[in-house]
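This report covers a strand pairing, a chain contact and a single side chain. The structure is shown first.

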Amino acid sequence: MERETRDRRHRWLGLAALAAVVVGTVWALFVAPPDAAQGEVQRLMYVHVPTAWIGMLSFFVVFVMSILYLVQRDPRWDMIAHSGVEIGVVFTALTLALGSLWAKPTWGIWWTWDPRLTTTAIMLIIYVGYLAVRGFAQDPEKRARWSAVVGIVAFVDVPIVYLSVTWWRTLHQPPSTARSIAPEMLWPLFLNLAAFTLVYLYLMLRRYRLAEAERQLEEETAIGR
Amino acid sequence: MDGSLPYLAAGFGLTWIVMVLYAWRLEARIGRVRDGLRRHDESTSRVEAPGGRTAGAGPPDEPDHRPEEAR
Amino acid sequence: MTQGKRRMWAGLGLAAVVGAILYLAVGSLENNMVYFLTPAELQARAAEVEGQPVRLGGMVQTGSVDWKPEEPLLRFSVGDGDSAVKVRTTSAPPSMFQEGQGVVVEGRYGSDGVFRADRLMVKHSNEYKPPEDSEMPAEMYESISEKSEKGSGSGSEGSTGPSPGSP
């Protein structure tokens, strides 16, 4: 059966992602050197940066899918967008939590309303709002249309989050570049970025499966009613 | 190891827990919706099979094979 | 859940979200667009900001740090370019606090020209590198008193000046 082959393929991808994250964590914690200025706690970079990347990647995918939906009205684009928001919200919340854990021992505080932190919190709330919009609309087509509009408008904040550290004065440091990180720390960072991207792919495929099943159930019960 | 250990443990632990828990919850949600679909298919096919065009008439009155699952 | 109930909860959730966005957006536009003032800006706007809660950002001036853990009282100067502001706080210095390091302090600027901070935050750079062979990696929670006994080495740690962005 087609569905079962796909489920099995997803399981292999899931196992690959799991293995990659295991290697990434071991490398980050036991192989990479500590930082000269921050000491051991700097290792939080290896999870904070990848979760932030996945959050933004996810919202970018939502943005593209929302535009595609409005152009083509294919419910599959809406299903991918919905899946992307849910996963993006999970990873953005995780980014904020990890950032807070990193801030306390280095900056000396858990939280401050600096532009980077504030715009990130707004980003999280906006996409939680997207999920609320979906609960509000009953008719699947209307729901998809409204969601697509929110998915496009919400993306305005994503580049603002990224550029906030260059546009305004912040406590948060500007983005690191390949030159500002020593090579023996850059490689484990790249590995973790790749590993988290695999996790993202796996979660998206599974979340899409769920959206597919939900849509089928919604259609069938609507016919029966 | 310096005083970083609790922060590292919390950070990496939280990351792992959130990802694994989310993936696990996803499977549970998929399973639940697919169960609902299967039940729905069974109930509609049971209505259609014996009497022909009775689909949409609601759950069947005939004795059920799995009464606990019928809605 | 009935559909009406679901709609109601969704509506409430939506209203709460929109409210939170507005609150954060308006609040941050007013207070956070300029997250901190430089020492020069603070002194230029002294009359206006005196006694008001403000943030001040700059570098910890070399030779200005005086930490009395028994009181506790921490005194140092925050400088940027030619200007510097004296800061007093009772909060203990975070482990990364040191001379030459970028800091942001939250508090009030007094008429005596001293900034009384109730929150001290360390700004670090985006540079990461392993410690040199000769030096140990930085230790967390190393007290500033121990640090000054060892002779305050400030050069090796990637300190960043809070670069004032465009206004």
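## The hairpin in chain C

In this predicted model, β5(C) and β6(C) form a hairpin with four residues between the strands. In this hairpin G113(C) takes a positive phi near 80°. Strand β5 covers residues 102-109 of chain C, and its pairing with β6(C) is antiparallel, over eight bridges. Within β6(C), R116(C) is the residue that stands opposite R108(C).

T89(C) has A117(C) of β6(C) opposite.

## The contact between chains A and B

The size of an interface is often given as the accessible area lost when the parts come together. For chain A and chain B the buried area is about 3100 Å², and carbon and sulfur atoms give 75% of it. Chain A brings 42 residues to the contact, and chain B brings 26 residues.

There are three salt bridges between chain A and chain B. One of them joins R206(A) to E27(B), with 2.8 Å between the closest N and O atoms. On the side of chain A that touches chain B, at least two residues come from each of α1 (2-31), α2 (45-72), α3 (75-106) and α7 (183-224). The largest share of that side is from α7(A), with 15 residues. By class, the side of chain A that touches chain B holds 25 nonpolar, six polar and eleven charged residues.

## S58 of chain A

Helix α2 of chain A contains S58(A). Is S58(A) buried or exposed? Its relative accessible area is 0%, which is under the 20% limit, so S58(A) counts as buried.

Which residues does S58(A) touch, leaving aside its neighbours within four places in sequence? They are G84(A), I87(A), G88(A) and Y200(A). With G84(A), a polar atom of the S58(A) side chain lies 2.8 Å from the backbone oxygen.

Conventions: Residues are numbered from 1 along each chain as its sequence is written. Chains are lettered from A and ligands numbered from 1 in the order in which they are written. This is a predicted model: local features need pLDDT of at least 70, side-chain atom pairs count only at pLDDT 80 or more; totals for chains, interfaces and linings use all residues. Side-chain values use heavy atoms; hydrogens and water are left out. Contact means heavy atoms within 4.5 Å. Buried area is the accessible area (1.4 Å probe) that two parts lose on being put together, summed over both. A salt bridge is a side-chain nitrogen of Lys or Arg within 4 Å of a carboxyl oxygen of Asp or Glu. Ala, Val, Leu, Ile, Met, Phe, Trp, Tyr, Cys and Pro count as nonpolar, Asp, Glu, Lys and Arg as charged, and the others, Gly among them, as polar. Buried means under 20% relative accessible area, exposed over 50%, partly exposed in between (1.4 Å probe, protein chains only). A polar contact is a pair of N or O atoms within 3.5 Å; within protein, one must be able to donate a hydrogen and the other to accept it, and residues adjacent in sequence count only if both atoms are side-chain atoms. Two strands pair if DSSP finds at least two bridges between them.
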